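Please look through the sequence and the model shown below, and then follow the description one part at a time.

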Amino acid sequence: MRPKAELHLHIEGTLEPELVVDLARRNRIELPAFDVEAVRARNDFADLRSFLDVYYDNLAVLRTEEDFHDLAAAYLRRAAAQGVRHAEIFFDPQAHTSRGVPLEAVFGGLSAALRDGEVPAALILCFLRDRGAEEAERTLRAALPFREHFIGVGLDSAEVGYPPSLFRRVFDIAAAEGLHRVAHAGEEGGPDYVWEALDVLGVERVDHGIRAMEDPQLVARLREERIPLTVCPLSNVRLRVVPSLRDHILPAMLDEGLVVTVNSDDPAYFGGYVEDNYEALRRELGMTGEQLDRIARNSFAAAFAYDPRHGGGA
Ligand code: HPA
Ligand code: ZN
């Protein structure tokens, strides 16, 4: 299995149905049914919004520092088995603080799991764009006492209607703190969202970015500046951003000379972890070993915090 870095992974999206049921029992939280198959049965999505509704519902079972620890520890074990040598992991603090979970529990649990995990990993704090710019700024300020626990900020959740430019101020504050900057753009939103993420937010990587391919000038910009794109093929199929894997634009992105990486996004929901994404590209799209090797090399080059002395490597 080829060594790789994973750069687009929401830790909340690794909450497997089995863990939903276990944590619900542990925390005495009522589920409609304490049944793994009933939880899994909801994983059939029409679009990003319908996925996010299920994703946020399931988070109700995450309450304590131990819960966050167990979630991240389980991911890192799976990541190791999938050939991941370095991970930069998104988390959504507002999805927890809005339910009354203290930031201390989120940072405490995730950081302890990363410290003890078998794969070197770092955290990227994501703002939920549909909760607006003011709350994003309050969230960043509340997280700054935990500054040593995260390396960057990102932007996720419902994309259309929440353009990157709304978040200029909070990204400026993050930049002044020396934090890396990324944003989801060009998943459901158009190329204009990718332009804004680059020009207004100063992002160093674009998450998804597949709709950038609709704009040749944008493709040229991404190529010339070697801006990495964290593409998530199985996610795109499950969220019906592309009709099928066979129609995925990823090989064309590679042919354009873009710094493409392959990632799992929310593997508990989208039918596979990162090696499963690589394998699906080989099987369904006929991508060659040479192409997949290039993608894996890109993943290390695109990482912010990869240290080949600790991470094994490409
Ligand atoms: N897109 C936007 N927001 C998200 C995603 C995604 O794929 N996964 C978790 N939050
Ligand atoms: Zn994502």
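How many bridges join strand β3 to strand β4? In this predicted model, 5 bridges join β3, residues 121-128, to β4, residues 152-156, and the two strands run parallel. Within this pair, L128 of the one strand stands opposite D156 in β4.

These two strands belong to an open sheet of 8 strands, which are arranged in the order β1-β2-β3-β4-β5-β6-β7-β8 with parallel pairing. At the edges stand β1 (4-6) and β8 (260-262), and because each has a single partner strand, one side of each is left without a neighbour in the sheet. From one strand to the next, the twist averages 25 degrees.

Helix α8, formed by residues 168-176, lies across β3, β4 and β5, and runs at about 150 degrees to β5. Helix α14, residues 274-285, also packs on the sheet, where it touches β1, β2 (84-91) and β8, its direction making about 115 degrees with that of β8.

An unreviewed UniProt entry places the feature "active site" at E187. The residue counts as buried because 24 other C-beta atoms lie within 10 Å, and, leaving aside residues up to four places away in sequence, E187 touches L48, E159, H208 and V241.

E187 is also one of the residues that surround ligand 1, as are L48 and D156, together with H10, G13, S157, H184, S235, D265 and D266. Sorted by class, this shell has 1 nonpolar, 5 polar and 4 charged residues.

Key
Residues are numbered from 1 along each chain as its sequence is written. Chains are lettered from A and ligands numbered from 1 in the order in which they are written. This is a predicted model: local features need pLDDT of at least 70, side-chain atom pairs count only at pLDDT 80 or more; totals for chains, interfaces and linings use all residues. UniProt positions are given in the numbering used here, feature names are shortened, and annotations may be inferred rather than shown by experiment. A residue is buried if 20 or more other C-beta atoms lie within 10 Å of its own, exposed if 12 or fewer, and partly exposed in between; C-beta atoms are placed from the backbone. Two residues are in contact if their C-beta atoms, placed from the backbone, lie within 7 Å. A residue is near a molecule or strand if its C-beta atom, placed from the backbone, lies within 6 Å of it. Ala, Val, Leu, Ile, Met, Phe, Trp, Tyr, Cys and Pro count as nonpolar, Asp, Glu, Lys and Arg as charged, and the others, Gly among them, as polar. Two strands pair if DSSP finds at least two bridges between them. Helices (H or I, at least four residues) and strands (E, at least two) are DSSP runs, numbered from the N terminus. Axes are lines fitted to C-alpha atoms, for helices over the stretch in contact, and angles run from 0 to 180 degrees between N-to-C directions.
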